[in-house]
Amino acid sequence: MASWKSRGLRGSMLEEMINLTNMKYRENGLALIQKVPTPITPIEIDKETRHITLAYFEKKSTVDYIGVVQGIPVCFDAKECAVDTFNINNIHEHQVVFMKEFEEQCGIAFLLIYFKKRDVYYYLTFERLMEFWERSIQGKRKSFRYDELDLSYEIPVQNSVCIHYLEILKRDLEQRETT
């Protein structure tokens, strides 16, 4: 079992921004997206603050978010990357399998990646994710570089809080229709 003690707050700012965005989408009737809770077993709890300080994951999680946008099922995972190279090992095989099965059920799966060094949010299509995934399985490069990405999938940030990914999701849908 994996401990989350050393990784507890990693990605929390990104997650909070996505949660705020999803709340705005819901308030405006655009989408209903929920954070998928990760089942954990607490091991240590700070008696004063009543916060969990050590826990183990009960089972492997699938993706961070799941829901529906205007009748279209969507699921995605949120990742942070401190540099211009994203290690494909940050995505687990069971997540890829789930996303693939989700796509096979006519859903849309993707990654939202925050490139900290550039202060850029990026929508990685499932198709592009699979290209990088397959490349790594074939024993080739186990990461992808920012300069390998289609920059038209960068996500605009509004009011320094909302990561407006629906516009890019629309672009992904349009691209799928043309291919």
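Contact here means heavy atoms within 4.5 Å. Helices (H or I, at least four residues) and strands (E, at least two) are DSSP runs, numbered from the N terminus. The model is predicted: local features need pLDDT of at least 70, side-chain atom pairs count only at pLDDT 80 or more, and totals for chains, interfaces and linings use all residues. Residues are numbered from 1 along each chain as its sequence is written, and side-chain values use heavy atoms, with hydrogens and water left out.

Helix 2 is a place to start. Its buried residues (buried means under 20% relative accessible area, exposed over 50%, partly exposed in between, with a 1.4 Å probe and protein chains only) are Q95, V96, M99, F102 and E103. Viewed down the axis of helix 2, these buried residues fall within an arc of 125°, so they line one face of the helix; the arc is that of the directions from the helix axis to the C-beta atoms. An α-helix has 3.6 residues a turn, so residues three or four places apart point the same way. E93 and E104 are exposed, on the face of helix 2 turned away from its buried side. The cover over the buried residues of helix 2 includes strand 4, strand 5, strand 7, helix 3 and helix 4. Just after helix 2, C106 has a positive phi of about 70°.

Helix 3 (residues 126–137) has 12 residues and reaches 16 Å from its first C-alpha to its last, close to the 16 Å expected at 1.5 Å a residue; the expected span is 1.5 Å times one less than the number of residues. Its buried residues are F126, L129, M130, F132, W133, R135 and S136. They pack against helix 2 (93–104), strand 7 (108–115), strand 8 (120–125), strand 9 (143–145) and helix 4 (166–178).

Next come the strands, where two strands pair if DSSP finds at least two bridges between them. Strand 1 (residues 31–35) pairs with strand 4 (residues 65–69) in the antiparallel sense over five bridges, and Y65 in strand 4 is the bridge partner of K35. Strand 4 and strand 5 also run antiparallel, joined by five bridges, with V69 opposite I72 in strand 5. Two residues lie between the strands of this hairpin, and Q70 takes a positive phi near 50°.

K79 belongs to strand 5 (residues 72–81). K79 is buried, at a relative accessible area of 13%. Beyond its neighbours within four places in sequence, K79 is in contact with L14, F86, N90, I91, Q95, L112, I113 and Y114. A polar atom of the K79 side chain lies 2.8 Å from the backbone oxygen of N90.

Key:
Polar contact = N/O pair within 3.5 Å; in protein donor to acceptor, adjacent residues only side chain to side chain.
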